[in-house]
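Biologist: I'm new to this one. Can you put it on screen and walk me through it?

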Protein chains: 2
Amino acid sequence: MPDKPSICIVGLGLMGGSLALALQRAGWPREIIGVSRSPDTRAAAQAGGAVDRAGATLAEAAPDADVIVLATPVRALLSQLDEVARHARPGALVLDLGSAKGEVCAAMARLPEGLQPIGGHPMCGKETGGFASADADLYSGKTFVLCPLSRTSEAALLTATALAEAAGSRALVLDPSEHDRAVAAISHLPYLAATGLVNAVAAGNDPLAWALAASGFRDTTRVAASDAAMFLDILMTNRPAVLAWLDLFATEMASLRAALAAGDEAALSERLAAASALRSGLKL
Amino acid sequence: MPDKPSICIVGLGLMGGSLALALQRAGWPREIIGVSRSPDTRAAAQAGGAVDRAGATLAEAAPDADVIVLATPVRALLSQLDEVARHARPGALVLDLGSAKGEVCAAMARLPEGLQPIGGHPMCGKETGGFASADADLYSGKTFVLCPLSRTSEAALLTATALAEAAGSRALVLDPSEHDRAVAAISHLPYLAATGLVNAVAAGNDPLAWALAASGFRDTTRVAASDAAMFLDILMTNRPAVLAWLDLFATEMASLRAALAAGDEAALSERLAAASALRSGLKL
């Protein structure tokens, strides 16, 4: 791997576009080749200085790259691995940015032996997508999870770590299933709870509720505005972990409801105080 | 009612302290008399310019006031109405700041006939409490709900409206039960959901989850850090409305779980997309 690698970033939306901007600012890659099916996105990414050049397909861009970053939604990138296998240069590092790692790492294990696959998940994002939302600071100060496979070389892991750090993140090596269970708790479950809150208020058909919604509702439901297609992919590729946390959450909500319905102030108070103390103590 | 009324604010925590600071800045009252059992709070409120003077009891402060604002937790203020009845000057406006209005307005209806009761709920707050968190801008640009009783005079409602506007808020007159149903949806339910999320993650006993928690978890659970005793009061005085919304929420969460468990992508996608469109369209 050269000191200044050539990087191909597939998908120039929020995550891929922001990574390109951050790496260019850090002066880390020799060049960044963007891949997007959209001519408008390719033009915007070139005009914005995110990529040095851009193509429509992996076939055009992958053969020149020391590092291939798959920054498309989880199931799109799973379907792109065949093309990666056909077009990647021997020895290339293949890194993805998907939010669920078990299925991705299992699929990456089937890549040709000469390639160096690593599952990745930068713990950052926002509700608006597309290159127009890309931001060179998106990765700054965030945790960038890396899931090397058993066959992945130490050198490839060092390169992935250097890439994460060049983008401003802290690299954290995790097992895919550990990762998937933890992010189901703190990302996929909260997303579903926010979605359920918005849909419950809609089902209650109370226009005054929307009119009175203020900062509490705004923050609690913010992530429900995320791209639904992206989250459908994440949920469908992390089902067992998400279902387990949904059940724990349902149990907690049922306990809160039972205590309130029974007027059991001691039980209710205990649960509210426990959450308040825990949440107040989190440095987020 | 004089043009520049004398105001007694009972409770100098976040809500009462912030109201005092905002009204002083607006130059609206002739004087503000604070009531707090805590000598430290009284001293801090005087030193901070929030109140012109302060006493430990309603008996000391209420007889001089044209307007009495009850800024204590809901059930504390319910228990203070007897003292208000004994010590308030005839014709005084009695306004509270509690988050649930049905029980408060029913109790206020039992105040002596010469008093002018109005239920109030400024739609603002934050997770940290006490006078140390008070902020002259807390009420700025927020909706301040007013629930006059059938016996409340037009003049008293005008004074309460002027007070809300002097604090920087927009007054909105509502029926107590309409108010309670709507805020149960957009404040009390989200608070319980945030509490349930924090407690579910705790129950799952996964230290890595806390380590990976980022902006999504931070915002979705922010309100769970609120003062548990304050919210216990709110929930216990708004039980029917909160229970009804909890049931709607449980139904939504069960539908999301069923679609995910069955791999029914069409059903899941429809619910995620509906929430995303609704939430993206909200101006919050």
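Modeller: Let's start with a pair of charged side chains. Glu265(A) forms a salt bridge with Arg75(B), a salt bridge being a side-chain nitrogen of Lys or Arg within 4 Å of a carboxyl oxygen of Asp or Glu. The closest N and O atoms are 2.7 Å apart.

Biologist: Where do Glu265(A) and Arg75(B) lie?

Modeller: Glu265(A) is in helix α12 of chain A, and Arg75(B) is in helix α4 (residues 74-87) of chain B, so the pair joins two chains. Helices here are DSSP runs (H or I, at least four residues), strands are runs of E with at least two, and both are numbered from the N terminus.

Biologist: Before we go on, what sort of model is this, and how are things labelled?

Modeller: This is a predicted model: local features need pLDDT of at least 70, side-chain atom pairs count only at pLDDT 80 or more, and totals for chains, interfaces and linings use all residues. Residues are numbered from 1 along each chain as its sequence is written, chains are lettered from A and ligands numbered from 1 in the order in which they are written, and side-chain values use heavy atoms, with hydrogens and water left out.

Biologist: Good. Back to the pair: how accessible is Glu265(A)?

Modeller: Glu265(A) is partly exposed, at 30% relative accessibility. Arg75(B) is partly exposed too, at 26%. The cut-offs are under 20% relative accessible area for buried, over 50% for exposed, and partly exposed in between (1.4 Å probe, protein chains only).

Biologist: How many salt bridges over all chains?

Modeller: The search of the whole structure gives 26. One of them pairs Arg271(A) with Glu252(A), closest N and O atoms 3.6 Å apart. That pair links distant parts of the chain: Arg271(A) sits in helix α12 (residues 265-281) of chain A and Glu252(A) in helix α11 of chain A, 19 residues apart.

Biologist: And Glu252(A), buried or exposed?

Modeller: Buried, with a relative accessible area of 10%. Arg271(A) is partly exposed, at 27%.

Biologist: Give me one within chain B. Which residue does Asp66(B) bridge to?

Modeller: Arg30(B), with the closest N and O atoms 3.7 Å apart. Asp66(B) is in the loop between α3 (58-61) and β4 (67-70), and Arg30(B) in the loop between α1 (14-26) and β2 (31-35), 36 residues apart. Asp66(B) is buried at 8% relative accessible area, while Arg30(B) is partly exposed at 46%. In chain A, Arg30(A), Asp66(A) and Arg89(A) are linked in a network of salt bridges.

Biologist: Switching to helices. What is the angle between α11 of chain A and α11 of chain B?

Modeller: About 165 degrees, with the axes 11 Å apart; each helix covers residues 239-262. Axes are lines fitted to C-alpha atoms, for helices over the stretch in contact, and angles run from 0 to 180 degrees between N-to-C directions. α11(A) and α11(B) are therefore roughly antiparallel. The angle classes are under 35 degrees for roughly parallel, over 145 for roughly antiparallel, 65 to 115 for roughly perpendicular, and oblique for the rest.

Biologist: Which residues make the contact?

Modeller: Among them are Leu243(A), Phe249(A) and Met253(A) of α11(A), and Leu243(B), Phe249(B) and Met253(B) of α11(B). Contact means heavy atoms within 4.5 Å.

Biologist: New topic: what does Asp219(A) touch?

Modeller: Leaving aside neighbours within four places in sequence, Asp219(A) is in contact with Asp219(B), Thr220(B) and Arg222(B). Asp219(A) lies in helix α9 (residues 215-221) of chain A. At 11% relative accessibility, Asp219(A) is buried.

Biologist: Last one. What about the phi of Asn205(A)?

Modeller: Asn205(A) has a positive phi of about 55 degrees, although it is not a glycine. Asn205(A) is in the loop between α7 (176-204) and α8 (207-212) of chain A, and is exposed at 66% relative accessibility. Asn205(B) also has a positive phi of about 55 degrees, and is exposed at 64%.
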